[in-house]
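Work through the exercises below with the model open. Try each task before reading its solution.

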Amino acid sequence: MRGVFRKGSVVAATTLALAAILGGSLGLATAGTRSSLVAGQNVIGGPLKGDVAPAKFVSCLGNSWTALYIWDNRSAEQGGQRWQHYLKGVPDYVNSSATGGIVVVPRLAGVYLFMSAAMSSPFLPDSNADTCP
């Protein structure tokens with residue numbers, strides 16, 4: 001059973017990485033302004049210009065988001081090969097790197113964004129210098 005889960009995780013991570021690299025050609029949204037986000041799970045591409053702090057990445061979404069997940073593709077020896085999270089409304093220690101929290105949303109990362117409500121024309125920063133419109 002463990003082998004099946006591991007293989008499934010590899011397939012999911014590979015698919016997400018490929019979708020993030022190919023971006024719009026696969027219908028995957030990237031950071032910046034997009035047409036809409038749906039309530040529930042959204043697979044989006046990370047920032048285009050550089051790494052962005054997770055709080056900054058969701059700063060323009062108001063209270064419409066609930067969770068952000070990325071796959072840490074570093075080797076297991078480097079502490080990777082696991083899902084990292086950034087959750088809304090939890091104590092700071094829950095989102096710390098010690099508990100698997102996201103330190104930065106890497107440039108061109110595949111991102112799972114969970115929304116509590118649909119949002120038209122949302123904006124996600126492409127860099128830490130971007131401001132909400």
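This is a predicted model: local features need pLDDT of at least 70, side-chain atom pairs count only at pLDDT 80 or more; totals for chains, interfaces and linings use all residues.

Residues are numbered from 1 along each chain as its sequence is written, and side-chain values use heavy atoms, with hydrogens and water left out.

**Exercise 1.** Find which cysteines the disulfide joins, and classify each as buried or exposed or in between.

*Solution.* 
1. Search for a pair of cysteine sulfur atoms within 2.5 Å, the criterion for a disulfide. The structure holds 1.
2. Cys-60 and Cys-132 are the partners, with S to S 1.9 Å.
3. Cys-60 sits in the loop between helix 2 (54-57) and strand 4 (65-72); Cys-132 lies in the segment after strand 8 (123-124), 72 residues apart. Helices (H or I, at least four residues) and strands (E, at least two) are DSSP runs, numbered from the N terminus.
4. Read the torsion. It is -95° about the S-S bond, a left-handed link.
5. Apply the area cut-offs: buried is under 20% relative accessible area, exposed over 50%, partly exposed in between (1.4 Å probe, protein chains only). Cys-60 is buried because its value is 16%. Cys-132, at 36%, is partly exposed.

**Exercise 2.** Determine the strand order of the open sheet and its edge strands.

*Solution.* 
1. Pair strands where DSSP finds at least two bridges between them.
2. The 4 strands run in the order 3-6-4-5, with antiparallel pairing.
3. Strand 3 (40-45) and strand 5 (82-87) are the edges; each pairs on one side only.
4. Check one pairing. Strand 4 and strand 5 are antiparallel over 6 bridges. Trp-71 stands opposite Trp-83 in strand 5.
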